[in-house]
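Please keep the viewer open as you read, and take the points in any order you like.

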Amino acid sequence: MWPSFSLNRPLVWLGIIALGVMVWLPLLLLRLAALVVVIMALLDVARRIYQEHCHRRLSEKALELSEDGVMICDARNRIVSVNAAFTRITGFQHQEVLGRDPSILSSGLHDHAFYERYWESLNTTGRWEGEIWNRRKRGEHYPEWLRVQTYMSRRGRVEHYIALFTDISRHKARGQDLKRVGFEDPLTGLPNRRRLHDLLTSRLQHLRAGEGLDLALIDIDGFKAVNDGLGVDGGDRLLARFGQRLSTIAPQATVGRLGGDEFMLIRTTTFDDHEKWISGLREHLSEPFEYNDHSLRLGFSIGSCRVPEDGNDSGLLFQRLESALYSAKHHGRSHDQRFQPSLEVKGDRQLTLVNDLRRALIQGDQLELHYQTQHRLADNSLVGMEALLRWRHPEHGMISPSDFIPLAERHGLMTALGSWVIEQAVAQQAKWLARNESCVPVWVNISVLQLIQGDLESRIAASLAQHGVPTRLLGLELTESVLLDERAGDISPRLNALRDNGHPIAIDDFGTGYSSLAYLKHLPVDKLKLDRMFIHALPGDSGDAAIVKAVLAMARGLKLEVIAEGVETIAQRDHLTADGCQLCQGFLFSRPEAASSIEVRYPVAL
């Protein structure tokens with residue numbers, strides 16, 4: 001770092017020469033000149049010594065400030081100097097180690113062969129670097145990264161060993177924390193999905209003859225409602241206690257949390273008692289949880305499988321567990337289902353269908369919009385149309401929306417489908433508007449996922465602007481479940497904004513969800529669509545007739561229009577007319593048809 005100290009300088013040599021000849025010079029003036037040279041040489045030597053002293057002090061200060069420990073040993077491997085970081089790391093003071101062998105720091109964790117390799121490298125290459133475990137003064141072992149280098153004399157002999165070391169115990173601990181985060185669920189302390197996958201793979205590889213594995217995937221039913229009731233912190237504590245109970249009731253099993261409210265158990269067994277084991281889990285988990293002086297009973301669904309009967313590959317077993325759990329939840333709450341090959345066939349078919357739907361969205365030539373007309377009962381005039389999505393599969397023909405819409409929701413395709421419907425409906429409305437300025441509104445259904453995404457309004461506005469369609473000609477239908485779904489947040493301001501822009505808004509399938517008269521007072525709604533389940537048995541069913549009459553009376557009081565869905569017979573139409581219903585939609589008037597067929601049937605209106 002500093003220039004090497006040396007007195008081998010021209011001025012010094014001149015001073016030495018002047019000092020030697022000064023007494024022999026005949027003239028006083030020459031002697032004085034030689035004396036000046038000597039003085040200058042002495043000043044230069046003094047300046048050089050002072051600089052060297054300053055450099056040494058700076059170097060010592062730098063070593064004192066260093067976070068790395070420094071230890072210097074002589075040729076006999078005795079400590080001659082250490083810095084302050086050495087004391088901070090090891091706990092030994094300078095006086096305690098001076099003249100002692102560095103082996104006083106040895107942890108005893110390394111064998112004789114390790115030190116043989118250490119000295120061999122130091123003697124042959126002059127340096128050694130690596131991780132080593134040493135011992136602090138108070139006896140604690142710690143890891144350090146050590147770099148040692150020999151200092152040789154000009155004759156090639158070892159004069160000193162210089163060691164620089166860093167305490168890496170914190171880095172080690174941080175590495176352990178990162179490893180723990182990577183393999184451990186932070187909420188419950190249980191193995192996470194990645195760790196469970198590794199454990200299952202290991203168990204499969206080390207199964208002995210006669211052994212099997214019982215696997216269970218447990219999902220808490222309706223946990224969102226429980227979490228909303230207890231709050232986020234309360235829900236987290238309940239999940240932690242659920243994991244603790246699982247570990248208690250299945251001590252021989254590995255318990256882990258996959259995420260959310262899903263837990264997994266892996267049990268090695270020599271008994272063929274899979275069903276009995278699942279029943280035992282259900283019995284113990286059905287006992288109430290005590291929370292804030294209240295008893296909570298949780299419902300849960302279980303999907304299970306067994307090795308080797310249901311497979312012996314960890315990835316395949318995870319997939320089959322999820323298929324079994326999905327089947328259990330499909331049958332309602334508090335069910336358990338062991339994997340069956342038929343579930344895998346169904347799952348494969350659904351996966352194929354999802355991939356085909358993605359391809360259909362990209363290509364755009366398999367999806368179609370059909371339109372079902374809406375009429376005024378007084379004169380059968382056309383007042384609107386509902387746009388309904390249809391999928392014409394190249395191999396399977398027309399696929400029912402009840403088959404592919406749930407798949408789209410589950411696999412994240414609903415927003416793309418909804419955007420496609422809006423774009424196509426607006427484009428078709430623009431064509432009809434070019435032919436007839438007084439064409440009727442087209443209604444599209446809005447899913448909760450479109451609201452959650454947050455850019456529904458901008459998508460609608462962009463599409464209307466692109467095709468030049470007024471907002472009044474695009475109606476928006478939302479189901480009761482969408483209005484009350486907390487994931488979408490408070491949608492009242494958003495609906496107000498859409499309605500202020502001119503969009504008519506309707507509640508679809510009214511009466512089938514969590515009907516609440518309170519939200520009807522505050523939401524900006526223009527129309528209620530009375531579900532077909534109340535129309536189907538009219539006029540013979542007195543219960544349905546009473547419900548229809550009550551809804552119509554309520555709507556009149558709130559100044560809302562009502563449109564009856566699923567009107568198929570003249571008797572149903574007449575009954576609705578007598579009760580005061582003004583609008584209807586159903587097979588009595590038309591089935592959902594392509595736009596070209598609608599144009600043929602209603603050439604004047606479109």
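Helices and strands here are DSSP runs, a helix having at least four residues and a strand at least two, and they are numbered from the N terminus. One caution before the points: this is a predicted model.

1. **The chain as a whole.** The chain holds 21 helices and 22 strands. Of its 606 residues, 43% are buried. If you look at contacts with a separation of 6 or more, 61% of them join residues 24 or more positions apart.

2. Please find helix α8, which covers residues 223–249. With 27 residues, a straight helix would reach 39 Å at 1.5 Å a residue, but the end C-alpha atoms of α8 are only 21 Å apart. Where does α8 bend, and by how much? The bend is at Gly231 and comes to about 120°.

3. Several residues of α8 are buried, among them Phe223, Asn227, Leu238, Phe242 and Arg245. Two glycines, Gly234 and Gly235, are also on the buried list. The strands that the buried residues of α8 pack against are β6 (212–220), β7 (253–259), β8 (262–269), β9 (289–291) and β10 (294–296), and helix α9 (274–285) joins them as a packing partner.

4. **The largest pocket.** This pocket has a volume of about 970 Å³. Its lining is made of 33 residues, and those closest to the centre are Glu386, Leu388, Pro401, Asn445 and Asp508. Elements giving two or more residues to the lining are the strands β14 (382–393), β17 (474–479) and β18 (505–510), together with the helices α12 (401–410) and α13 (414–435). Which element gives the most to this lining? It is α12, with six residues. By residue type, the lining divides into 15 nonpolar, nine polar and nine charged.

5. **Glu477.** Next, please pick out Glu477, which sits in strand β17. Is Glu477 buried or exposed? Its relative accessible area is 1%, so Glu477 is buried, the cut-off being under 20%. Leaving aside neighbours within four places in sequence, the contacts of Glu477 include the charged residues Glu386, Asp508 and Lys529. Gln374, Trp443, Val444, Asn445, Ile446 and Ala506 are also in contact with Glu477.

6. **Two cis peptide bonds.** Most peptide bonds are trans, and two bonds here deserve a look. The bond from Val307 to Pro308 is cis, with omega near 10°; Pro308 belongs to the loop between β11 (300–307) and α10 (314–330). The bond from Leu538 to Pro539 is cis as well, with omega near 0°. You will find Pro539 in the loop between β19 (527–530) and α19 (542–557).

7. **Two residues with positive phi.** Most residues other than glycine have a negative phi. Asn77, however, has a positive phi near 60°, and its place is the loop between β1 (69–74) and β2 (79–82). Lys559 is not a glycine either, and its phi is positive at about 60°; Lys559 lies in the loop between α19 and β20 (561–565).

8. **Ile168 and its partners.** Ile168 is in the loop between β5 (158–167) and α6 (169–183). With a relative accessible area of 13%, Ile168 is buried. Which residues does Ile168 touch, not counting those up to four places away in sequence? They are Glu131, Pro143, Glu144 and Trp145. Pro143 is 25 residues from Ile168 along the chain, and their C-alpha atoms are separated by 5.7 Å.

9. **Leu35.** To finish, please look at helix α2 (residues 28–65), where Leu35 is placed. Leu35 has a relative accessible area of 35%, so it is partly exposed. Its C-alpha atom is separated by 7.2 Å from that of Met22, a residue 13 places away along the chain.

Conventions
Residues numbered from 1 in each chain as written. Predicted model: local features only at pLDDT ≥ 70, side-chain atom pairs only at ≥ 80, totals over all residues. Heavy atoms only, no water. Expected span 1.5 Å × (residues − 1). Bend = angle between axes of the 7 residues up to and from the residue. Buried < 20%, exposed > 50% of the residue type's maximum accessible area, 1.4 Å probe, protein only. Contact = heavy atoms within 4.5 Å. 1 Å grid on protein atoms, 1.4 Å probe; cavity = no way out; pocket = protein on both sides within 12 Å on 5 of 7 lines; lining within 4 Å. Points joined across faces, edges and corners; volume = space filled by probe spheres on them.
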